[in-house]
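This report covers a strand pairing, a charged side chain and a helix. The coordinates follow.

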Amino acid sequence: LPVHEDSIVAEWVADQLALRNGYLVAPALHYGHSPMFRGYPGNLSLSAQTLRAVTYELLEALVQSGFRRIVLLDNNGGNVAPVTSAAMDARRDLGILVGHLYPWSLGYALMRDQYADPATAYGHGAEPEHSAMLAMFPDQVQAAPTTDTGLRSAAGWTPVSYGEAAIPGQDVRGTVLWDFSEVSESGCTGDVSLGHRKIGEVWIERVLDFCTDYLAEYERNTVDGKGFLKQGTLGR
């Protein structure tokens, strides 16, 4: 899968939602915070502080332009913390209530019934991302996917994802903050052989349906200024 898949999928989903519902879409920000992948060539990662500042300043600029109801469509796990921080500060300073949608994460939650064993099918660069990309951007998916999806640690850990390891005697995984390149040569986990356009079409239908319902609920609860605060009043 291409290294820019997170941003182009976010932009594609946003455009589809705009066509369905008449919303306005701001230009995409194609760089994010991905420190766990810096060990791979081609990773262009902003610091958390930079992404947080850029997100806040964009929210501020939108408010200054007259917008009040704003939903961020974010598609990279590393972005969530800085983007959330910016949105909470915008709540405090600007009085707006920012929504947040994360298509890849929604797909993981909505697509489990499409696989015999989601635990082995799901992974970074595998399902359901692989199928979704085949449906949205087939020309950007390599015809011969990698077969190196194994995880291994020279230090003795048993890695199970790009930020988790199995803990002996426990059913719950433990968080380990390594660079993913330390445990995966390819950066891809899960079963890439399961990727299929038809599954991707299900992903599109379910994710867009959820996002449409979410936006309708956000709109219902923010119409006529409901849920907004006077600037700088939170906590006073």
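**Sheet**

In this predicted model, P159 lies opposite A165 of β4. Strand β4 (residues 164-165) runs antiparallel to β3 and is joined to β3 by two bridges; strands count as paired if DSSP finds at least two bridges between them. The open sheet has three strands in the order β3-β4-β5, paired antiparallel. Because β3 (159-161) and β5 (174-175) each have a single partner strand, they stand at the edges, and one side of each is left without a neighbour in the sheet.

Strands (E, at least two residues) and helices (H or I, at least four) are DSSP runs numbered from the N terminus. Residues are numbered from 1 along each chain as its sequence is written. Local features need pLDDT of at least 70 and side-chain atom pairs count only at pLDDT 80 or more, while totals for chains, interfaces and linings use all residues; side-chain values use heavy atoms, without hydrogens and water.

**E127**

E127 sits in the loop between α5 (118-121) and α6 (129-136). E127 is buried (under 20% relative accessible area, 1.4 Å probe, protein chains only). E127 has no salt bridge (a side-chain nitrogen of Lys or Arg within 4 Å of a carboxyl oxygen of Asp or Glu); R206, the nearest side chain of opposite charge, is 11 Å away.

**Helix α1**

The 17 residues of α1 (residues 5-21) should span 24 Å at 1.5 Å a residue, and the end C-alpha atoms are 24 Å apart, which agrees. The expected span is 1.5 Å times one less than the number of residues. Just after α1, G22 has a positive phi of about 80°.

Notes:
Buried means under 20% relative accessible area, exposed over 50%, partly exposed in between (1.4 Å probe, protein chains only). Lys and Arg count as positive and Asp and Glu as negative; His and the chain ends are not counted.
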